[in-house]
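Me: I'd like to learn how to read a sheet and a cavity from coordinates. Can we go through them one by one?

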Amino acid sequence: MGELAPNTPVLVGIGIVGQKLEDWTAAKEPVDLMIDAARAAIVDAGAADIAREIGQVSVPRGLWHYPDPARLVAAAVGAADATSVLVEIGVLQQTALGEACRLIASGECAVTLVVGGEAKYRGLRAQIAGTEAPERAQEGEPDITMTPAAELYLDAEVNSGLGYMPVNYYAIMESAFRASQGWTVEDSRDRLAEMYSRFSDIASDNPHAWKPGHVAAETIRDPGPGNPMLAFPYTKLHNTSWNVDQASALLFCSAERAEALGIPREQWIFPLASAECGHMLSVAQRRELHRVPGAQVAAHAMFEATGSEPGELDLVELYSCFPVAVESYAAEIGVDLSRDLTVTGGMPFAGGPLNNYVLQSTCRMVELLRERSGSTGMVTSVSGLLTKQGIGLWSTEPGRSPFQFIDVTEEVARDNPPVEVVESYTGEATVAGYTVMYQLGEPHRAVAMVDTPQGQRAVVFNEEAPVMQALESGEYCGRTVQCRGTSFDLID
């Protein structure tokens, strides 16, 4: 193995599976898709005996109800002694991948498996048929459960009408990002549409994409049949497609075991680093709504640790639940928005299984890296409302330093204290970000996050048609409005 440390983690097998059956009774349930993906990863590694050496199986929580799906997967592939791990929603998907690599680097495991999947399309087809798609019964609990702190929604946010719908919050952050770049409302909408149209073209080249095929920019930009406006400026085609039946699996082992098992070197992909930030602020508590400081700090730490630079990346996959997630990560990390920002085609077109997309995108990244000897790729991860940030760096070549699992939470928390949010405010305030929410295709309510002269933040609303029209027609971030309790009026 030359100078390669025996415990160097390597990704040796990937599995990507999907189904799209109109007859839900013929479709597999989520755990069976996961089992298929795990088996495919073992086959991809080309070492059938590796299954019995799997020391840990981790599964990110999905919309299914299995208490311990990792144990079902482990039993099905012949990893009877594996530790089962359930990664709850709110824990970054990148954390599961980084932990699997850390266990190998530390010598705690020689082989690990991370697998996840959804069958929400199966469930949708059953619902349309007037019934419910069953899942197999299972008893017991996982050996390990990775749990997050609760996601943060403030009463001031929820009661303003934003509720618990992510699209509303992301649309507000989008307005703030637009204003920070000096783009007009119309220019920004054009840019988003062109970016996502390009994503659709990339999805067309992805054999695993849920919705392959070119989608014109104007179709994405403007509301129309099957593409309603949800929260200005986001139409449905700016949103993730989560009614999908998709699963994926990633099989890791030490370089020593990979060599002993005869897995060809051209099959190996090296995780160079996994970096993350778990500092949690509600959207309204963030001083700058267009910023994601955790992504910047995590990326800086990752590139410094690996001796690399953003400009050296051959492939990039930026998490794409909503456009501002792509834009803000690119800005924080130093990635040019003019380059291709996804390898899958993005969550609206490649498919966005709820808590498994990063596994899907990392598998696709591996496929493309294997086609490009000497290449490096980056995959980003998001939890919540851009609440937590994760980044994985992958390469066909070993790193200049050993694999590192980097957590910058404390540093980011120290430098980014929460803004005080008040539930009622009367007086003039400055708009930090806003959106117009829609119901049944019609504008329903405008919600703005505003900054008071006292340095506080308030969340206020207006339901007047002329006000909502004005907010969509011109830029109001940075302008002064008059607040009265929980409502606001424009100042001419």
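Reply: Start with the sheet: two strands pair if DSSP finds at least two bridges between them, and strands are DSSP runs of E, at least two residues, numbered from the N terminus. In this predicted model, with local features needing pLDDT of at least 70, side-chain atom pairs pLDDT 80 or more, and totals for chains, interfaces and linings using all residues, five strands form an open sheet in the order β10-β11-β12-β9-β13, with mixed pairing. β10 (315–317) and β13 (404–407) are the edges; each has a single partner strand, so one side of each lacks a neighbour in the sheet. Residues are numbered from 1 along each chain as its sequence is written, and side-chain values use heavy atoms, leaving out hydrogens and water.

Me: In which sense do β11 and β12 pair?

Reply: Antiparallel, over eight bridges, between β11 (residues 376–383) and β12 (residues 388–395). Valine 382 sits opposite glutamine 389 of β12.

Me: Which helix lies across β11 and β12?

Reply: Contact means heavy atoms within 4.5 Å. Angles run from 0 to 180 degrees between N-to-C directions of lines fitted to C-alpha atoms, for helices over the stretch in contact. Here helix α11 (residues 323–333; a helix is a DSSP run of H or I, at least four residues) lies across both strands, at about 125° to β11.

Me: Which residues line the largest cavity?

Reply: A cavity is a set of points on a 1 Å grid over the protein atoms alone where a 1.4 Å probe fits but cannot get out; lining residues have an atom within 4 Å of a point. Among the lining residues are Ile16, His208, Tyr357 and Arg364. Helix α12 (residues 357–370) gives the largest share, three residues.

Technical notes
On a 1 Å grid over the protein atoms alone, a cavity is a set of points where a 1.4 Å probe fits but cannot get out, and a pocket is an open set with protein on both sides within 12 Å along at least five of seven lines; lining residues have an atom within 4 Å of a point.
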